[in-house]
Amino acid sequence: MDKPELQRISADAPIEEILEVLDRDGGLIVKGLVGPETLQQIAKELKPFEQPDQEWKGNFFPEATKRICGAVGKSKTLATKVFMHPLYQEVCNRRLTITKKSRYGDDIRTFKCSPVGNASTTFDIGPGATAQQLHRDDGVHHLSHPNPQPYMIGMLLAETRTTPENGATVVIPGSHKWGDWEDRPPMPEETIPATLEPGDALLFDGAVFHGGGTNSTESERRKVHGVFMIRGNLRPEENTYLSLPPSVAESYPDDVLKAYGYGASTSGLGWVDYKEPLAAVLGRKVKQPSLLFGAVGYA
Ligand SMILES: O=C(O)CCC(=O)C(=O)O
Ligand SMILES: [Fe+2]
């Protein structure tokens with residue numbers, strides 16, 4: 001049987017067409033999402049945040065890969081032109097919004113919960129990098145699979161060309177419908193590279209298996225900007241990070257802070273710069289390392 005392809009759809013296509021393919025395949029390529037001026041502006045704004053080449057200590061990101069975390073907070077152009085791109089927002093609103101009734105005494109109230117930003121990271125794969133482990137991004141949220149509707153929708157916008165040679169993201173179309181970990185492993189032979197021109201984007205369900213590819217070139221770097229949204233109920237009721245901000249947290253003990261939101265789960269949920277928040281934000285030596293990202297900050 002022929003391998004399924006990743007559909008390529010113009011950013012001008014009707015939203016229904018994009019949603020239909022996303023539902024069916026779990027991922028698709030959007031052609032021409034933004035133009036070169038936008039890409040240049042984002043690159044300029046993110047330049048001061050580029051990491052030096054350094055070895056990654058965890059097991060999730062291969063050597064020779066670099067990241068800029070919290071990218072929406074570092075590039076206003078990424079925030080306004082990519083994260084808030086009408087196509088991306090419409091797709092997220094249509095698939096992640098929750099509308100639900102709740103009883104309050106005799107009243108039946110209908111509440112609406114819009115999607116919320118989950119993360120934004122620039123992924124830069126340098127020459128010599130090996131492929132990332134195939135994974136589901138929503139695995140970080142400890143979700144079970146399959147789910148009738150996505151919990152997370154991600155979009156990777158290409159700043160550079162992405163090719164099978166320079167580490168284009170690889171995807172297993174249809175794998176968003178697979179069962180949970182006991183079902184079957186994702187296999188490299190099943191993947192399709194998301195070949196992109198600058199300004200194209202890979203749009204995908206957080207349940208689809210994918211990963212950064214191998215960069216077998218001598219000197220090409222492959223760079224994509226990732227934005228991610230999740231269902232809006234995957235958060236605490238009170239905005240605990242604002243009610244107990246880092247300036248106040250400085251004088252609080254680790255156990256309070258971990259229990260009140262400044263702790264990551266062992267999948268990495270809650271990270272800051274892919275590190276334990278207490279280590280990344282407050283410089284504490286924390287005892288619980290994230291199993292996914294490595295023992296960063298471990299005492
Ligand atoms: O770099 C890429 O192409 C994808 C990275 C990724 O999927 C991740 O880190 O979750
Ligand atoms: Fe991923």
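A nonpolar core is taken here as a set of buried Ala, Val, Leu, Ile, Met, Phe, Trp, Tyr and Cys residues joined through C-beta atoms within 7 Å, where buried means that 20 or more other C-beta atoms lie within 10 Å of a residue's own, with C-beta atoms placed from the backbone. The model is predicted, with local features needing pLDDT of at least 70, side-chain atom pairs counting only at pLDDT 80 or more, and totals for chains, interfaces and linings using all residues. Residues are numbered from 1 along each chain as its sequence is written, while chains are lettered from A and ligands numbered from 1 in the order in which they are written.

The protein chain holds 8 helices and 12 strands (DSSP runs of H or I, at least four residues, and of E, at least two, numbered from the N terminus). Of its 299 residues, 37% count as buried.

On to the core. The largest one has 50 residues, and Leu 28, Met 155, Leu 157, Val 171, Ala 201, Leu 202 and Leu 203 have the most contacts inside it. Strand β7 (residues 152-158) gives this core its largest share, 6 residues. Setting aside neighbours within four places in sequence, Leu 157 touches Leu 33, Val 34, Val 82, Ala 201, Val 224 and His 225 (contact: C-beta atoms, placed from the backbone, within 7 Å).

Then there is ligand 1, surrounded by Phe 123, Ile 125, Gln 132, Asp 137, Thr 169, His 210, Gly 211, Gly 212 and Val 224 (C-beta atom, placed from the backbone, within 6 Å of the molecule). Strands β6 (116-125) and β11 (210-211) each supply at least two residues of this shell.

Notes:
Buried ≥ 20, exposed ≤ 12 C-beta atoms within 10 Å, placed from the backbone. Contact = placed C-beta atoms within 7 Å.
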